[in-house]
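Dear colleague,

I am passing on to you the structure we spoke about, and below it you will find my notes on what turned up when I went through it. Please read them alongside the coordinates.

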Amino acid sequence: MKRIMIATILALATAMPAAAQSQSTATADFVGLDGKQAGRATLTEGKKGVLIEMEVSGMPANRWVAFHIHENSSCDHTHGFESAGGHFNPTKAEHGFLAAKGPHAGDMPNQYVDQDGKLRAQVFNGMVSLNGKNGIRGRTLMIHAESDDYRSQPVGGAGKRLACAVIR
Ligand SMILES: [Cu+2]
């Protein structure tokens with residue numbers, strides 16, 4: 001049994017470097033307000049956008065929370081992740097899927113946190129790419145304490161920033 005597990009781990013380890021170096025994939029490690037790692041996202045670029053797959057722990061249980069791409073490349077937990085800046089908004093649009101002049105390219109649907117405080121999600125954002133003009137590599141993924149109302153300016157009432165991840 002042990003031998004089989006070691007073989008599997010080795011196979012995974014040798015398969016991983018190629019994917020990590022690819023221009024069409026990225027990873028983002030989430031940091032919580034305590035400064036500790038809270039989870040991870042993997043990002044894969046498709047022809048018309050980016051697929052974001054993630055799992056983050058220590059989030060508020062049984063609640064919908066806002067999830068955005070913010071513009072800066074910094075997650076400073078000592079100042080509530082303000083260093084990440086505002087939403088990624090290359091077209092100077094309004095915030096919100098339901099706003100008259102929205103949305104920001106970094107706007108994404110609210111996500112649900114399980115009763116164990118884990119947010120598990122797979123989200124496709126068709127307004128961004130990993131590299132180039134609308135590229136999000138070097139920007140940040142952000143999870144908030146409240147849900148996004150998809151209308152209010154400039155952040156949809158999303159509340160406190162709880163977890164932040166720089167896309168690398
Ligand atoms: Cu946000």
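A polar contact of 3.4 Å joins the side chain of R120 to that of D116, and please bear in mind throughout that the model is a predicted one. The side chain of R120 also makes a polar contact with the side chain of D114, at 2.5 Å. Both pairs count as salt bridges, with a nitrogen-to-oxygen distance of 2.5 Å for R120 and D114, and with the closest N and O atoms 3.4 Å apart for R120 and D116. Taken together, D114, D116 and R120 are linked in a network of salt bridges.

R120 itself is found in strand 6, and the residue counts as partly exposed because its relative accessible area is 41%, which lies between the 20% and 50% limits. When residues up to four places away in sequence are not counted, R120 touches M54, E55 and D114. The C-alpha atoms of R120 and E55 are 4.5 Å apart in space, although the two residues are separated by 65 positions in sequence.

E55 has a salt bridge with K118, where the side chains meet at 3.0 Å from N to O. This pair links distant parts of the chain, since K118 sits in the loop between strand 5 and strand 6 whereas E55 belongs to strand 3, 63 residues apart. Both ends are partly exposed, K118 with a relative accessibility of 25% and E55 with one of 37%. The structure holds 5 salt bridges, among them the ones described here.

Q111 lies in strand 5, which runs over residues 107–113. Is this residue buried or exposed? It counts as buried because its relative accessibility is 12%, below the 20% limit. The side chain of Q111 reaches the backbone oxygen of P109 at 3.0 Å, and, leaving aside neighbours within four places in sequence, Q111 is in contact with R63, W64, V65, F67, L119, A121 and V123.

In soluble globular proteins, nonpolar side chains tend to be buried together. Here the largest nonpolar core has 31 residues, and those with the most contacts inside it are F30, L43, L141 and I143. At least two residues of this core come from each of strand 1 (25–32), strand 2 (37–46), strand 3 (49–56), strand 4 (63–70), strand 5, strand 6 (119–125), strand 7 (140–144) and strand 8 (161–167).

**Confidence in the model**

The pLDDT averages 91 over the chain, and 88% of the residues score at least 70. Over residues 8–15, however, the pLDDT stays under 50, and for this stretch the model has 0 contacts beyond four places in sequence. Residues 17–21 also have a pLDDT below 50, and this stretch has 2 contacts in the model beyond near neighbours in sequence. Where pLDDT is low, the predicted coordinates should not be read in detail.

With kind regards

Methods. Residues numbered from 1 in each chain as written. Predicted model: local features only at pLDDT ≥ 70, side-chain atom pairs only at ≥ 80, totals over all residues. Heavy atoms only, no water. Helix = DSSP H or I, 4+ residues; strand = E, 2+ residues; numbered from the N terminus. Buried < 20%, exposed > 50% of the residue type's maximum accessible area, 1.4 Å probe, protein only. Polar contact = N/O pair within 3.5 Å; in protein donor to acceptor, adjacent residues only side chain to side chain. Contact = heavy atoms within 4.5 Å. pLDDT = per-residue confidence, 0-100. Core = buried A, V, L, I, M, F, W, Y, C linked by side-chain atoms within 4.5 Å. Salt bridge = Lys/Arg side-chain N within 4 Å of Asp/Glu carboxyl O.
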